[in-house]
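This briefing goes through a protein model topic by topic. Please look at the sequence and the 3D structure before reading on.

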Amino acid sequence: MTAARSIPLLDLRAQHKQIRDEIVAEVTRLIDSQRFILGEEVAELERQVAGYCNAAYGIGCASGTDALVLALTALDIGRGDQVLTVPYTFFATAGAIADVGAEPVFVDIDEDTCQMDVEQVEAALNRYPRVKAIVPVHLFGSCVDMDPLLAVAADRGIPIVEDAAQAIGAEYRGRRAGGMGAIGCFSFFPSKNLGGYGDGGMLTTTDARLAERLRALRVHGSRRKYYHEEVGFNSRLDTLQAAVLLVKFRYLDVWTAARQRNAERYRRVLGHSPAPVRFQAVPPFVTRHVVNQFIIRAPGRDALKAFLADRGIGTEVYYPLPLHRQPCFSTLGYREGDFPASERLAAESLALPVYPELAEEDLEAVCAAIRGYYAG
Ligand SMILES: Cc1ncc(COP(=O)(O)O)c(C=O)c1O
């Protein structure tokens, strides 16, 4: 059985339709100018995103993954070091730690909020004395409990790199994601709230020296053309992507409000139904959840996912295998059961369509199908 029309998890074409003329004009202008590397568009986006995140500096780069790699490199993290993060996140969080030669070590998440359980951090720092940075992940557009984390980290002189890839504009006690730690890392992957037409990323910081080093690191460690004080990367944000993102940035708050409206509707409609689903908890310290994903916890998740797919409803599992169980990290010595909250979320979480342009009747149809599944 299929729904009257299919409802995808994300429909980027619906968004593109609204802004097509503006995008085409900008991209055409740039192609005609043949200026493709850095330039005014990248600088302008860096200013705007930094301002939006309450940071002094923005540094565009090639992806969110590269933002994490650049951040860790700028903090001199490398071989022999450990970096503390969570196992329930997109792979790149830990992949970037491994990419710089360091070892990812984990604390579990809080099962209700899906965020790093900061109460476990102190014990983890005692257990792992080589931790040189902490990477909290503001997952799904919510926020980690930053104040206690910042306090523990400051006590030990350990810098925090915020993985804010999914959380542009999210607020913790009124402070923006990416503006609280030493460095914030953002992704412009197309599915993000501010998504490019390809890969892209951004770093934010209020530390002038870090900003200057990051700017050099993204162009082969060069401050003066053809002179290299250190070996860096080729990781610039494309001018074309910056031009697209400058157009989309104007709509970000309107789109975020639509995501929030959809999330509220799910909570209202599903919350008042007999379907035994649970929602991601949003504690009072999260003063702005930007809903990059709307996650439910559903008993019999895989069967529910298949049932919805049969009815033309797209969903996704974020993330089916926690990072401590990934084959590439088997040498780290973790076992099943080491991070039970992450493992339970991996087994039960399901992302529902929440994109800004989702029609109200489609959202109602998703809720009706979920109710129907549990009504059996
Ligand atoms: C939490 C998190 N960290 C890092 C990344 C990496 O970003 P990118 O795909 O732009 O490399 C992503 C997104 O893809 C992400 O969701």
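**Two helices in contact**

Helix α9 (residues 252-271) packs against helix α12 (residues 360-375) at an angle of about 35°, and their axes are 10 Å apart. This is a predicted model, in which local features need pLDDT of at least 70 and side-chain atom pairs count only at pLDDT 80 or more, while totals for chains, interfaces and linings use all residues. Residues are numbered from 1 along each chain as its sequence is written.

- The crossing of α9 over α12 is right-handed (the near helix is turned clockwise from the far one by less than a right angle).
- On α9 the contact is made by Asn 262, Arg 265, Tyr 266, Val 269 and Leu 270, and on α12 by Leu 363, Glu 364, Cys 367 and Ile 370 (two residues are in contact if their C-beta atoms, placed from the backbone, lie within 7 Å).
- By class, this contact of α9 with α12 has 6 nonpolar, 1 polar and 2 charged residues (Ala, Val, Leu, Ile, Met, Phe, Trp, Tyr, Cys and Pro count as nonpolar, Asp, Glu, Lys and Arg as charged, and the others, Gly among them, as polar).
- Axes are lines fitted to C-alpha atoms, for helices over the stretch in contact, and angles run from 0 to 180 degrees between N-to-C directions.
- Helices (H or I, at least four residues) and strands (E, at least two) are DSSP runs, numbered from the N terminus.

**Two domains**

- The protein is divided into domain 1 (14-107 + 114-249) and domain 2 (252-375), with bounds from an automatic or database domain assignment.
- Taken over C-alpha atoms, the centres of domain 1 and domain 2 are separated by 25 Å.
- Domain 1 gives 31 residues to the contact, and domain 2 gives 26 residues.
- On the side of domain 1 that touches domain 2, at least two residues each come from α1 (12-33), β3 (103-106), β6 (171-172) and α8 (239-249).
- The residues on that side of domain 1 divide into 17 nonpolar, 8 polar and 6 charged.

**Sheets**

- Strands of a sheet pair through backbone hydrogen bonds, either parallel or antiparallel.
- Strand β8 (residues 183-187) pairs with strand β9 (residues 201-205) in the antiparallel sense over 4 bridges, and Phe 186 has Met 202 in β9 as its bridge partner.
- Another open sheet has 3 strands in the order β12-β14-β15, with antiparallel pairing.
- β12 (278-279) and β15 (349-352) are the edge strands, each with a single partner strand, so one side of each is left without a neighbour.
- β12 and strand β14 (residues 294-297) pair over 2 bridges, and Arg 278 stands opposite Arg 297 in β14.

**Around the ligand**

- Of the 15 residues around the ligand, Ser 63, Gly 64, Thr 65, Ala 165 and Ser 187 come nearest (a residue is near if its C-beta atom, placed from the backbone, lies within 6 Å).
- α3 (64-74) and α4 (92-99) are the elements that give two or more residues to this shell.
- The shell has 5 nonpolar, 8 polar and 2 charged residues.

**Backbone details**

- Tyr 318 is joined to Tyr 319 by a cis peptide bond, with omega near 0°.
- His 220 is not a glycine, yet has a positive phi of about 60°.

Definitions and conventions
Pairing = 2+ DSSP bridges.
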